[in-house]
Amino acid sequence: MWRGTVSAAWSTITTLTRRFLETVVPPLVMLALILFVWQILCGRPGATLPAPSVVWAEAGDLVMQPFFDNGPQDIGLGWRVLVSIERVLYGFGLASIVGILLGALVGQSVYAMRGLDPIFQVLRTVPPLAWLPLALAAFRDSNPSAIFVIFITSIWPIIINTAAGIRNIPQDYRNVASVLRLNPLEFFVRIMVPAAAPYIFTGLRIGIGLAWLAIVAAEMLTGGVGIGFFIWDAWNSSRLPDIIVALAYIGLTGFVLDRLVGMIGSIVTHGTTAS
Amino acid sequence: MQRPYLKVDHVSKSFSRGGKTTEVLSDIQLSIARGEFVAIIGHSGCGKSTLLNLVAGLTPVTTGGILLEEREVASPGPDRAIVFQNHSLLPWLTVYANVRLAVDKVHGKKKSRRERHRWTMHNLELVQMAHAKDKRPAEISGGMKQRVGLARALAMEPKVLLLDEPFGALDALTRAHLQDSVMRIHASLGNTVIMITHDVDEAVLLSDRIVMMTNGPAARIGEVLDVSLPRPRERLELAADPVYVHAREEVLRFLYERHHFVEAA
Ligand SMILES: Nc1ncnc2c1ncn2[C@@H]1O[C@H](COP(=O)(O)OP(=O)(O)OP(=O)(O)O)[C@@H](O)[C@H]1O
Ligand SMILES: [Mg+2]
C-alpha cells in the first residue's frame, strides 16, 4: 500500500518533470541562443542598436521594478501596461457585447445578413489607425478615441465568428426551442450563446489579439500614460534600451491576454463541442 | 365512434426548392383516439418524419389541416412533445438540466421551485435515469440519451407524445429494454402516442394500430392494421401468439411484397 502510494507519487513527479523539461526548457535555450547572437551582432563598435548587455545596464531597473511611481510621467512599466490593459478592456468589453449581439442578428436573420455582411466585410479591412482621426474629431479627447479604436478593431472577428456559430446551430436545437416555445430572449441565452460559444470564443480570442496590437499604436499617437506612449516618448529622447524592454512587456502581456481568453473559453465551452 | 382526439385531415405536404416542387405526402387522413398508441411504419425516406413534424407543428402543412382536440395545430408546442430520431439533448446542459429546462418552461407558472425539482426527478426516475442526473449527454450511452429525451418529453405532460424512431440507432437488447419502459409508461399514464418505426416487431408489440405508408414521392397511407392483443403484453409469450404472428405477417407482406423498397424513390 505504502509502496503503491510512493510509486504513484514518484510517477506523477516524473511526468511533471518531463512536462516541465519539454515545455519550458526549449524556449529558454532558444532565448539564450538569440541573446547570444544579438550580443555578437550588436556588441561590435558602430552597431546601431543596443546589445543585450547595454539594455540590461541602462534599462535593467525597468525590468526589476515594474511598479515604481515617481510622479506623473515617471512610473514603472507594470503601471503603464495596466493602464493600456484598462483601455483595452473597455474597448474590447464593449466590442464583445455589441459584437455578439450584432453577430446573433446577422447569424439569425437572412435579411440582416444580406444587408450587413458586405458592409462588415469592407469595414473590417480598414486598418485600426485609420479610424483614429475620425475618432479624435468626434470625441475631442484622446482616451475615448483610443477606446473607440480598440472597439472598432476587435469587433469584426467577434461579429463574423458569432454569426458563423449561430448559422451552424443544428436544426435539432432550434426544434427543441420551438417545441418548448422559448421566447427570443430565452432562445438567445439558453440556446444561441451556449451552442455558438466555441465560435464566439474564437472570435473573442482573435479580437483581443487585434485590440492589443491596436492599443500600442493608438497610444503612440494619443499620448497618456500607456505603454504605447512610453515607446514614443523613449524614441523622442533616444532611449533605445527602454524601447526594447517595453517591447518585451508588450509581447508578454499580449501572450497572457491571448491565453487568458483561450482558457476562459475552454472552461466555458467545456462539453459544448462534444455531443 | 367517438370524436377523434387528434385528426390529420386530408393533409399533403410539398417541398419546393429552386422552382422545383416535390410532393412528399399526399392526402393523409388519420384519426387517433385519446390514449391510443399508433405506430407509423414505412420505408426509409417515405416521409414519416415529415408527417410527425407536421403534427408537431415544426413544418407547416401545404394543404389540409391537423386538429388536436378540435383546435387547429399551427405552431410547435409542449402539448405535442417530440422525442427526436437523434435524441437532440442540449450538450452543454446536464441530464437534469435538460429535463429541468422543459419543466421550468412548461410548468413554471403552475408549480413552485420544489415541485418542479420533484417533477424533474420523478420523470428521470420514470425512465430510470435519476442516477445519472449530473452527467452530460456526451458522458452517457445512446440508449441513456434516448431515455433522457423521453423523460424530457414526458415531463411536458403532452397531449400527444411523438416518437420519431426513438430506438432506431440502438442495439437489440437496449431497444427491448426501452420498449418495455415505453409500454410500462404508456400503461400507467395512458398517453396518446404516435411512434415512427422501421421495426415490424416493435410496431406490433407496442401499438394498438399500425399505419403503413406507401413509398414516396407522394406517399399515402396504404393500410391500417388493428392490433387487438390484450395488454399488458409480454414479448416472450407473444412470439407464439397467433394474433401477433398474423399481424406481423400482414405488415411484412405490405412492406416487402406490395410496396417493396424502390431505390430510385
Ligand atoms: N426540408 C426539406 N426540404 C426538402 N425536402 C425534404 C425536406 N425534408 C424532407 N424532405 C424530403 O422528404 C422525403 C421524406 O423525408 P423524411 O425525413 O420524412 O423521411 P423518413 O420517412 O422519416 O425517412 P427515415 O426513415 O430515413 O427517417 C425525403 O425524400 C426528403 O428528401
Ligand atoms: Mg425520419
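Select strand S3 (residues 37-41) and strand S9 (residues 209-213) of chain B in this predicted model. S3 and S9 of chain B run parallel to each other and are joined by four bridges.

Six strands of chain B make up an open sheet, and their order is S6-S7-S8-S3-S9-S10. The pairing in this sheet is mixed. Which strands stand at the edges? They are strand S6 (82-83) and strand S10 (221-226) of chain B. Each has a single partner strand, so one side of S6 and one side of S10 have no neighbour in the sheet.

Next, go to the other sheet. Select S2, S1, S4 and S5 of chain B, which form an open sheet of four strands in the order S2-S1-S4-S5. Here the pairing is antiparallel. The edge positions belong to strand S2 (20-32) and strand S5 (71-72) of chain B; each pairs with a single strand, so each has one side without a neighbour in the sheet.

S4(B) and S5(B) are antiparallel and are connected by two bridges. Click on B:Leu67 to find its bridge partner in S5(B), B:Glu72.

Then show helix H1 (48-56) of chain B. H1(B) lies across S1, S2 and S4 of chain B, and its direction makes an angle of about 115° with S1(B).

The last stop is ligand 1. Select the 13 residues around ligand 1; those that come nearest are B:Ser44, B:Gly45, B:Lys48, B:Ser49 and B:Thr50. Which classes of residue make up the shell? Seven are polar, three are nonpolar and three are charged.

- B:Ser44: a polar atom of its side chain is 2.6 Å from an oxygen atom of ligand 1.
- B:Ser49: an N or O atom in its side chain lies 2.7 Å from an oxygen atom of the ligand.
- B:Thr50: the corresponding distance, from a side-chain N or O atom to an oxygen atom of ligand 1, is 2.5 Å.

Ligand 1 taken alone exposes 640 Å², of which the protein buries 61%. Two elements of chain B give two or more residues to the shell: strand S1 (6-17) and helix H1 (48-56). H1(B) supplies the largest share, three residues.

Terms used. Residues are numbered from 1 along each chain as its sequence is written. Chains are lettered from A and ligands numbered from 1 in the order in which they are written. This is a predicted model: local features need pLDDT of at least 70, side-chain atom pairs count only at pLDDT 80 or more; totals for chains, interfaces and linings use all residues. Side-chain values use heavy atoms; hydrogens and water are left out. A residue is near a molecule or strand if one of its heavy atoms lies within 4 Å of it. A polar contact is a pair of N or O atoms within 3.5 Å; within protein, one must be able to donate a hydrogen and the other to accept it, and residues adjacent in sequence count only if both atoms are side-chain atoms. Accessible areas come from the Shrake-Rupley method with a 1.4 Å probe; for residues, only the protein chains shown count as cover. Ala, Val, Leu, Ile, Met, Phe, Trp, Tyr, Cys and Pro count as nonpolar, Asp, Glu, Lys and Arg as charged, and the others, Gly among them, as polar. Two strands pair if DSSP finds at least two bridges between them. Contact means heavy atoms within 4.5 Å. Axes are lines fitted to C-alpha atoms, for helices over the stretch in contact, and angles run from 0 to 180 degrees between N-to-C directions.
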